[in-house]
Amino acid sequence: MKRWFVVYTKPKKEWWAEDNINRMGFETFLPRYERMGMERPLFPRYLFVRFDPEGDPSWPSIRYARGVVRIVSFHENGRPTPVPQRVIEEIKGRQDERGLVRLGKLPSEPKEGDPVRIIDGPLRGLEGIFLEDLKDGERVIILLSLMGRQVKVTLEGELLDSR
C-alpha cells in the first residue's frame, strides 16, 4: 500500500529534489506558502514522497535522487517512517486555488518557554513548549515530546492555545 514519507533535501534544493523524484516516477508533495510575493517551502528542506515500501522494489532509489540527503527514518534499521495520512490531508485542505497553503495568525502572544497546547489539526491535544515566533508572523516553533524524543515542530500560530 502506498503511503507518504518525508525526504530531507539539500539546502534550498526542495524543488530540484522534487523534480528529480518525479522524473523517477514517484508522486511528491511540496507544500508551499507565499511571503512577500514569493513562494517558499512550508517546511524548508523537506518534501513528501508517496510510495509502497513493501510492493515497490525501486523506492530505495529515491535516496540517490539529486537534491536528496536522505529519507527520514526513526527506526534503527533505517526503514522509512510513514507520515499519517491525516497530516497530508490537513495540509492539502489548507491550500488555496493556486496550491499555496494558507497560514493563520497567532491568536495570543506566548513567550519563549511558555507551555502551549495544540487546539486543531493532526497534532490536536498535544502539549509543548513555545520556542519562537517565525519572522513571517504566522508560523511558530514549539518543542514537543514525540516518539520518545524532544522534537522541534513548526506550525501555524493559530493552532496554539497558551495554557
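Tutor: Helices (H or I, at least four residues) and strands (E, at least two) are DSSP runs, numbered from the N terminus. This is a predicted model, with pLDDT of at least 70 needed for local features and 80 or more for side-chain atom pairs, while totals for chains, interfaces and linings use all residues. Residues are numbered from 1 along each chain as its sequence is written, and side-chain values use heavy atoms, without hydrogens and water.

Student: How many residues line the largest pocket?

Tutor: A pocket is an open set of points on a 1 Å grid over the protein atoms alone, where a 1.4 Å probe fits, with protein on both sides within 12 Å along at least five of seven lines; lining residues have an atom within 4 Å of a point. Nearest the centre of the largest pocket lie Phe-43, Val-87, Leu-123, Lys-152 and Val-153. The lining residues number 39.

Student: Which element gives the most to the lining of the largest pocket?

Tutor: At least two lining residues come from each of β5 (46-51), β7 (82-83), α2 (85-92), β10 (139-146) and β11 (149-156). With seven residues, the element that gives the most is β11.

Student: Which residues lie closest to the centre of the second largest pocket?

Tutor: The lining of this pocket is made of 15 residues. Closest to the centre are Lys-12, Tyr-33, Arg-40, Pro-41 and Pro-44.

Student: Which element gives the most to the lining of the second largest pocket?

Tutor: Helix α1 (14-23) and strands β3 (32-35) and β4 (38-41) each supply at least two residues of this lining. The most, four residues, comes from β4.
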